[in-house]
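Let's take a friendly walk through this structure, one stop at a time. Please keep the sequence and the 3D view at hand as you read.

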Amino acid sequence: MNFTLVGKHEKDARANRDGYVDAMLGVMEQDKTISHIDCDLMGCINSGKLLKSFPDRTFNAGIAEQNAMGVASGMAATGMKVFVHSFGCFAARRMFDQAFLAAGYSELPVHVIGSDPGVTAAFNGATHMPFEDCALYMTIPNAVVIDSCDYVQTKFLTEQLAKCDKPSYMRLIRKDCVQVYGDGSQFEIGKGVTLRNGSDVTIIASGIMVDEALKAAELLESAQKISARVLDIHTWKPLDEDLILKAAAETGCIVTAENHQVSCGLGSAVANLLSQKCPTPLERIGIQNRFGQVGPQAFLMEQYNLTAKDIAAAAVKAMSRKV
């Protein structure tokens, strides 16, 4: 991996959804077996560009998500690599039976893109706010599950998924993302990124929580002289066990931060790993057994305790539990 860290905590002028579409324009040009299926949401992620450039391999399945997954799996069974998109709530809860059986059981290269994950659904409210989407796909044996954080990472990981023969699910923040990584940064599916070294506590984050984790580390250092390591674990499955276990052994305590239910997401995956191989004090920041609600993303992050201040407080608590 080769990456640069922007570190300015500023919004990227590019929408994150365009990281996906820009990558797809490239891979669909290079590989004639790649196609895209949308569920009447081309305007939401700008995939109309794919329809214009590749009308023979870009399809609108309409508001029929289960059928879209069935079609995607059928196409994949004939040798295609198929990306299929809907809002995360539908890509997970509504498509899941077909995803599990038609794509997962047959180990077909169907790559599901779920947009507006967690609180990024904002004004679409509780019915469209998936806090459990990754959890469902993590139950599919051999599947890949990704929570990308910005345009640069989304673009590169989409390009990597185009080479992946396993079924996958990737969350897609549509717009208004902080730019974490500099252009040209590279990533590897299943390998986390150490964004900041530290010796007192490790903060593990993904998606929109990566920038919050970096801000929390800065807050801890400036206010309390606490040295926090920050890991971007963009791939929840397969989990980068070696990187996490090394951090646990060296810092002695962990905080996870996710835009997802903590009982069945990144925090629980880390908890399972630590309990088996390196028992370590762990605090989990994320959605605590609640449904979504309507509101601006910044308001919702306060409501669900997803801010840098919350992460910093959890880090202090985790440190207090060290033996």
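Glu212 is buried, because its relative accessible area is 11%, where buried stands for under 20% relative accessible area, exposed for over 50%, and partly exposed for what lies in between (1.4 Å probe, protein chains only). Its partner in a salt bridge is Lys215, with the closest N and O atoms 3.0 Å apart; the term salt bridge asks for a side-chain nitrogen of Lys or Arg within 4 Å of a carboxyl oxygen of Asp or Glu. Lys215 counts as partly exposed, because its relative accessibility is 29%. Both residues belong to helix α9 and sit three residues apart, about one turn of the helix. An α-helix has 3.6 residues a turn, so residues three or four places apart point the same way. Helices (H or I, at least four residues) and strands (E, at least two) are DSSP runs, numbered from the N terminus.

Before going on, a word about what you are looking at. This is a predicted model, in which local features need pLDDT of at least 70 and side-chain atom pairs count only at pLDDT 80 or more, while totals for chains, interfaces and linings use all residues. Residues are numbered from 1 along each chain as its sequence is written, and side-chain values use heavy atoms, with hydrogens and water left out.

How many salt bridges are there by this rule? The count comes to 17. One of them joins the side chains of Arg171 and Asp133 (2.9 Å, N to O). This pair links distant parts of the chain, since Arg171 is in strand β6 and Asp133 in helix α7 (residues 133-138), 38 residues apart. Arg171 and Asp133 are both buried. Another salt bridge brings together the side chains of Lys277 and Glu241 (2.9 Å, N to O). Lys277 lies in helix α11 (residues 266-277) and Glu241 in helix α10 (residues 241-251), so this pair ties together parts that are 36 residues apart in sequence. Lys277 is exposed, with a relative accessible area of 52%, and Glu241 is partly exposed, with 32%.

Now look inside. The largest nonpolar core has 63 residues, and Met209 and Val255 touch the most other members; such a core is a set of buried Ala, Val, Leu, Ile, Met, Phe, Trp, Tyr and Cys residues joined through side-chain atoms within 4.5 Å. Helix α9 (residues 209-224) gives this core its largest share, seven residues. Apart from this core lies another, of 44 residues, which includes Leu108, Ala143, Val145 and Ile254.

Which residues of helix α8 are buried? They are Tyr151, Val152, Gln153, Thr154, Phe156, Leu157, Thr158 and Leu161, so eight of the 11 residues in this helix (residues 151-161) are buried and it is mostly covered. The cover over these buried residues includes α1 (16-30), β3 (81-87), β4 (110-115), β5 (144-147), β6 and β9 (228-232).

Strand β3 holds Val82, which counts as buried at 0% relative accessibility. The C-alpha atoms of Val82 and His36 are separated by 5.8 Å, although the two are 46 residues apart along the chain. Contact here is defined as heavy atoms within 4.5 Å. Leaving out residues up to four places away in sequence, Val82 touches Ser35, Ile37, Ala72, Met75, Ala76, Pro109, Val110 and His111.

Next, visit the loop between β6 (168-172) and β7 (193-196), where you will find Arg174. Arg174 counts as buried, because its relative accessibility is 14%. Its side chain makes a polar contact with the side chain of Asp116 (2.8 Å). A polar contact is a pair of N or O atoms within 3.5 Å; within protein, one must be able to donate a hydrogen and the other to accept it, and residues adjacent in sequence count only if both atoms are side-chain atoms.

Finally, turn to some backbone details. Lys237 and Pro238 are joined by a cis peptide bond, with omega about -5°, and Pro238 is placed in the loop between β10 (235-237) and α10. Glu107, in the loop between α6 and β4, has a positive phi of about 50° although it is not a glycine.
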